[in-house]
Amino acid sequence: MASPPGSRHGLRRRLLTSGVLFGIGVAAFVDESVFHQLLHWHHFYDLSTPTVGLVSDGFFHAFGWFATVGGLFLLADVRRRGGRSIAPWWGAVLMGAGGFQLFDGTINHKAFRIHQIRYVPDLFVYDAVWLVVALLLLGGGAWWWRRRDERGAHAPA
Amino acid sequence: MHPHDAGAPVDLTGPVLGGALLVLLAGYLAAIAVSRRRGRPWPAWRTACAEAGVGVAAVAVAPVAAVGGFVAHMWAHLLLGMLAPILLVLAAPVTLALRALPAARARRLSRFLASRPIRVLTHPAVAGTLDAGGLWLLYGTGLYAAMHHDPGLHLLVHAHVLAAGWLFTASVLRVDPDPHPVGHRTRALVLLAFLTLHAILAKHLYAHPPTGVPEAQAQAGAQLMYYGGDYIDVALLVLFCLDWYRRTAPTRASAPAAHPA
């Protein structure tokens, strides 16, 4: 909150924050609905999960919802203040999703051992694909943000 | 234990809590009539929220909710402690009371609301601790098992679930006149902490069933608490963000401040 939300720099930051938050929320939602509930690869609770894993899981569960809703309201705020293109937003969404995926695949799954991606012998392949997807999302998002942000900065209101 | 009190102990919760809510609703409707007589109509949607809130809470404390074990209990918990409070907060009962009461009594109510104890109690961190703390006590100690043999304790626990849920929701949304404003950032952090504790408690219950609850029931109840809580949480989050969005509206030079201090 270094610069007021109405300023040009403040709006750019807010657009970035909005997209990253929404991306984290969407990634957390996909994780919950696709991998937990549809595929049943992940376990609700693997029973060997240590306390730190439970706390981290609970936090990201709550934070995911907050980020989804809050991110969209921040985007609405940037729009109503007007004067800048919101085209770079999708790049920020991809970065947020990739960042969460990377965190989930390394810290949550491995360091905190909340649960594994799938309970199979060749887990390494799943982990590798998970991380490559995370890096692609991050890289693609950053590229899109830079590309659109430069254009957006010159776009008329 | 006597055979006749093992099956169906006397239910105090339904009659007492349900009765108290109906009295409150009657007062609410009477206040609308007074306000209308004074030429100040009351929004119909707020009335609908009050009625729905009382209805949802009444379903949660209905005697049928007591049969069906831990899963039914968890349904009642979600309705009584989370959904009904949101509706009751949106009903803005304090705003209505201030309109309907005679001037002297309205002033006394305002002074009471501005007092230090109310300031402490309506801080989201305090209200959230009362709410989450009560849940941890209920499921983490022998309280859950004990209340099923003691109708008075059962009533007390359910009254606490409703009152603490109501207080916490009110402290986060701050719909009624607010003599002790708390910033959106503080409220957001407390809400995030509360939702985190709720999710952790749900998973904890999955692995550590409360005394007397079979494992399968505990697991089904825990998942209901986790995922069912989500739907209600999203409504709470949208309402909270909507409040932020409205109060931070960029003001045009001529527009009056949205939020007089």
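Two residues are in contact here if their C-beta atoms, placed from the backbone, lie within 7 Å. With that in hand, welcome to this predicted model. Its scores are ipTM 0.83 and pTM 0.86.

**How confident is the prediction?**

- The average pLDDT of chain B is 89, and 91% of its residues score at least 70.
- Residues 1–6 of chain B stay under 50 in pLDDT, and the model gives them one contact beyond four places in sequence.
- Residues 253–261 of chain B also have pLDDT under 50, with five contacts beyond four places in sequence.
- A friendly caution: where pLDDT is low, the predicted coordinates should not be read in detail.

**The nonpolar core**

- The largest nonpolar core contains 96 residues.
- Inside this core, the residues with the most contacts are B:Ala57, B:Leu79, B:Leu80 and B:Ala84.
- Helix α4 (residues 69–90) of chain B supplies the largest share of the core, 13 residues.

**Helix α3 of chain B**

**A closer look at B:Val61**

- B:Val61 lies in helix α3 (residues 44–61) of chain B.
- B:Val61 counts as buried because it has 28 C-beta neighbours inside 10 Å, and 20 or more are needed for that label.
- Setting aside neighbours within four places in sequence, B:Val61 is in contact with B:Thr13, B:Gly14, B:Leu17, B:Gly18, B:Leu80 and B:His158.
- For a sense of distance, B:Val61 and B:Phe112 are 51 residues apart in sequence, and their C-alpha atoms are 30 Å apart in space.

**Two residues with positive phi**

- B:Ala92 is not a glycine, yet it has a positive phi of about 50 degrees.
- You can find B:Ala92 in the loop between α4 and α5 (93–100) of chain B.
- B:Ala92 counts as buried because it has 21 C-beta neighbours inside 10 Å.
- B:Arg174, also a residue other than glycine, has a positive phi near 45 degrees.
- The loop between α10 and α11 of chain B is where B:Arg174 is found.
- B:Arg174 is buried, with 20 other C-beta atoms within 10 Å.

**Where the chains meet**

- In the model, 19 residues of chain B are in contact with 20 residues of chain A.
- On the side of chain B that touches chain A, the elements giving two or more residues are α11 (184–207) and α12 (215–247) of chain B.
- By class, that side of chain B has 13 nonpolar, three polar and three charged residues.

Terms used:
Residues numbered from 1 in each chain as written. Chains lettered and ligands numbered in written order. Predicted model: local features only at pLDDT ≥ 70, side-chain atom pairs only at ≥ 80, totals over all residues. pLDDT = per-residue confidence, 0-100. Helix = DSSP H or I, 4+ residues; strand = E, 2+ residues; numbered from the N terminus. Nonpolar A, V, L, I, M, F, W, Y, C, P; charged D, E, K, R; others polar. Core = buried A, V, L, I, M, F, W, Y, C linked by C-beta atoms within 7 Å. Buried ≥ 20, exposed ≤ 12 C-beta atoms within 10 Å, placed from the backbone.
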